[in-house]
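I open this notebook to record what I looked up in one structure. The entries follow the order of my questions.

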Amino acid sequence: MTKLLGLSGALRRESTNRKLLREAARLFGEATYVEADLNMPLYDGDLEEASGLPAAAQTLVQQIAEADAVLISSPEYNSGIPGVLKNALDWASRADVKPWTDKPVALMTAAAGRAGGARAHNNLRLAMAPFRARVVNGPEVMVAASGSQFDEDGRISESYVKNLTALMDTLRAEITR
């Protein structure tokens, strides 16, 4: 069975980015889905030198390596991706193993604004560039006014289902290529 790993740039349990990841996994179809825990210490070269990668970063690296594909959803904080997401990416980059290499990845954003996190989406694409992952191209999923786009069961509004489904179809094809 396909293994999907979700990374949310928002730590809140019920953030719209976590909801978006769960909806993406649901629309992907048959797969095992796990959300990574990005709550880890800030990257610090002295800490790394003294203790190596923190346990949370080691777990993340292992989860990325074992996943068939990764879903990343980010809010937009001050026109960019949140520090917690960038920090996790930085820690993962310090591992001896390079888990992102050739890994299929789908990017998406959910934000309160009208652009749905378009600037964060671009920042996220740039942040992933050094890792040589296979970031799938479109359709771009940027959920605007995200607080009102999910029902009480966490289902995304119909206006986003088509593009989110198409993005998951593209990801599925990338896994099997």
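Is Phe131 buried or exposed, by its relative accessibility? I found that Phe131 counts as buried, because its relative accessibility is 13%; buried means under 20% relative accessible area, exposed over 50% and partly exposed in between, with a 1.4 Å probe and protein chains only.

I noted that this is a predicted model, in which local features need pLDDT of at least 70 and side-chain atom pairs count only at pLDDT 80 or more, while totals for chains, interfaces and linings use all residues. Residues are numbered from 1 along each chain as its sequence is written, and side-chain values use heavy atoms, without hydrogens and water.

I next looked up aromatic pairs and found two. Rings of Phe, Tyr and Trp (its six-membered ring) pair if their centres lie within 6.5 Å; planes under 30 degrees apart count as stacked, over 60 as edge-to-face and the rest as tilted.

Tyr43 and Trp91 pair edge-to-face, at 4.8 Å centre to centre and 70° between the planes. Tyr43 is in the loop between strand 2 (32–35) and helix 2, and Trp91 is in helix 4, so this pair ties together parts 48 residues apart in sequence. Helices (H or I, at least four residues) and strands (E, at least two) are DSSP runs, numbered from the N terminus. I recorded Tyr43 as partly exposed, at 33% relative accessibility, and Trp91 as buried, at 0%.

The ring centres of Trp100 and Phe131 are 6.1 Å apart and their planes are at 20°, so this pair is stacked. Trp100 is buried, with a relative accessible area of 2%.
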